[in-house]
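Please keep the sequence and the structure in view while reading the numbered points.

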Amino acid sequence: MKSDFLFYPLFQEEINRLVQHPGRKEARYLVRIEKEVALPDPVLDLVLSCPVPEKFYYSAKDAPFELGGLGSALVIEAASGGEVLDGFRRLWNRDETIPVFGGFAFDVEEEPAPEWRSFGRYRFTLPLVEIFRSPGGARIRVNHINNKRLPREHVLRELTDGLQSLDALPRLSPAAGQPVPAERTLIPEKPQWNRMIKKALRTIVEGDLKKIVLARKKVFTRKDRWDPVQIAAVLAGISEMSSLFFYQIEDGVAFLGRSPERLFRMQNGILLADAIAGTRTRGKNPFDDQRLEAELLNTPKELEEHRFVAGFIETRMHQLCADVQVESREEILKLKNVQHIITRYSGRSQQNFSPLAIAEAFHPTPAVGGFPQEEIRSCLRRYEPFQRGWYAAPIGWMNRKNADFSVGIRSALVNGKSLHIFAGAGIVLQSNAHAEWKETEKKMDNFAAILGEI
């Protein structure tokens, strides 16, 4: 996985030409240079092998598309989506197709917990080096933002220094995963979980909620820091219909995962969205797998849980789009360890909604929050004994008009010596605490197993 690709030689000629170009002395606000390349390495290998503090990667679950980034030319940290759009307005006035990567917290009204403080409420990055690959080929772009009206020579020197510094770093290969002793903490413990479920069911019976998704986490703490690059490399080796996301914002601090659930994709005015809810494990053999699939599709509790999500997504699609189509209804999505019920929608955006506004309209869906949406975040603040941070929240990329966001599930937060692994369970009237504990345990065990922790 180690990559020896160098960036400065690729752009040296173009940078020198810009230095010598006659004209005004002040550099433009945005300096952006693009090269089409025959990329010798996978985009993820290139991203993971560069030991820079900030880097990201995203691959869509059902399209041969990859986006990676190294370093940062512009970071917008904000308390609201409007502030994010204001922060990128000048950039997108120059070129509305430029993608930025990031996301926002599950509950943006909460002050971030200490382990999530670096991520904040909203955070998006325009990288120094942007790497894009699709079936049409690969492109590498370098970006520099000139906020200080600096002379052209100064800006291009900074860009040169940034690329040369990146090339000078030793390229690394993720170390092979080895079981490492770690202290394991369950939040909540099972007795508290049982009380949470009982309280949620009482609220559902009283009619205040129809569904609520309650989350658990396991925290693995060890003497040495966890390596997020190693975890991302292992996740990349899983072959299934899911999106891989990796957002490292400083050394040893990253949010990453392999999400089966797309929140939405916007491309040239067409909006795609998924409804995923209802879960069974995979079978030990094809016959057993078919049995579990049939059981999933014929269990009232699972169907009710799924239809809450599908109905919500369909309603939102009609609010945001014209020509809404159900591309598939209540099919089975088979992943490596579990299978889900999935319904897919498409529509044509009928207004000039920004991708971030669409993300905020969908989030949180009943698949990760509950129903009705308006009540759910305040309920979760009362029920759950920890802050979700960015778990189960939107993460992905966007430009002014297009985007691809996943729901940040099947995910983990790496924070120095602590690794937080999350899972949730949808609670409806037919739920019972023991079954939901087993479901969340299985989800977390599947993730932790790749680290040799089970």
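1. Two strands pair if DSSP finds at least two bridges between them. The model discussed here is predicted. One instance of such pairing involves β7 and strand β8 (residues 137–145), which are antiparallel and share six bridges. Within this pair, Glu 130 stands opposite Arg 141 in β8. The two strands form a hairpin, with two residues between them.

2. Strand β7 (residues 129–134) also has strand β3 (residues 66–70) as a partner; the two run antiparallel and are joined by five bridges. Here Glu 66 is found opposite Arg 133 of β7.

3. What is the strand order of the open sheet of nine strands? The order is β4-β6-β5-β18-β19-β13-β14-β16-β15, and the pairing is antiparallel. At the edges are β4 (74–78) and β15 (321–334), each of which pairs on one side only. On average, neighbouring strands in this sheet are turned by 15° against each other, direction ignored.

4. Helix α3 (residues 81–94) lies across β4, β5 (100–104), β6 (122–126) and β18 (394–398), and it runs at about 160° to β4. Helix α9 (residues 355–362) lies across β5, β6, β13, β14 (270–281), β18 and β19, at about 155° to β13.

5. Within the sheet, strand β13 (residues 262–267) and β19 form an antiparallel pair with four bridges. Phe 264 stands opposite Phe 405 in β19. Beyond its neighbours within four places in sequence, Phe 264 is in contact with residues that include Leu 271, Pro 355, Ile 358, Phe 362 and Asp 404.

6. Phe 264 is also among the residues with the most contacts inside the largest nonpolar core, together with Leu 91, Ile 212, Leu 214 and Phe 362. This core has 87 residues. A second, separate core has 51 residues, among them Leu 48, Leu 128, Val 142 and Leu 163. As general background, nonpolar side chains in soluble globular proteins tend to be buried together.

7. Is Asp 404 buried or exposed? Asp 404 counts as buried because its relative accessibility is 2%, and buried means under 20%. This residue belongs to strand β19 (residues 403–407). The side chain of Asp 404 makes a polar contact of 3.1 Å with the side chain of Tyr 58, and another polar contact, of 3.2 Å, joins it to the side chain of Arg 262. Residues up to four places away in sequence aside, Asp 404 touches several others, including Ala 60, Arg 265, Ile 395 and Trp 397.

8. Ala 254 lies in strand β12 (residues 253–259). Its relative accessible area is 0%, so Ala 254 is buried. Among the residues that Ala 254 touches, leaving out those up to four places away in sequence, are Phe 119, Pro 228, Tyr 247 and Leu 413. Ala 254 and Pro 53 are 201 residues apart along the chain, while their C-alpha atoms are separated by 9.9 Å.

9. The last point concerns cysteines. A disulfide is a covalent bond between the sulfur atoms of two cysteines. How many disulfides are counted when the sulfur atoms must lie within 2.5 Å? The count comes to zero. Cys 321 is buried, at a relative accessible area of 4%, and Cys 379 likewise counts as buried, at 5% relative accessibility.

Terms used: Residues numbered from 1 in each chain as written. Predicted model: local features only at pLDDT ≥ 70, side-chain atom pairs only at ≥ 80, totals over all residues. Heavy atoms only, no water. Disulfide = S-S within 2.5 Å. Buried < 20%, exposed > 50% of the residue type's maximum accessible area, 1.4 Å probe, protein only. Core = buried A, V, L, I, M, F, W, Y, C linked by side-chain atoms within 4.5 Å. Contact = heavy atoms within 4.5 Å. Polar contact = N/O pair within 3.5 Å; in protein donor to acceptor, adjacent residues only side chain to side chain. Axes fitted to C-alpha atoms, helices over the stretch in contact; angles between N-to-C directions.
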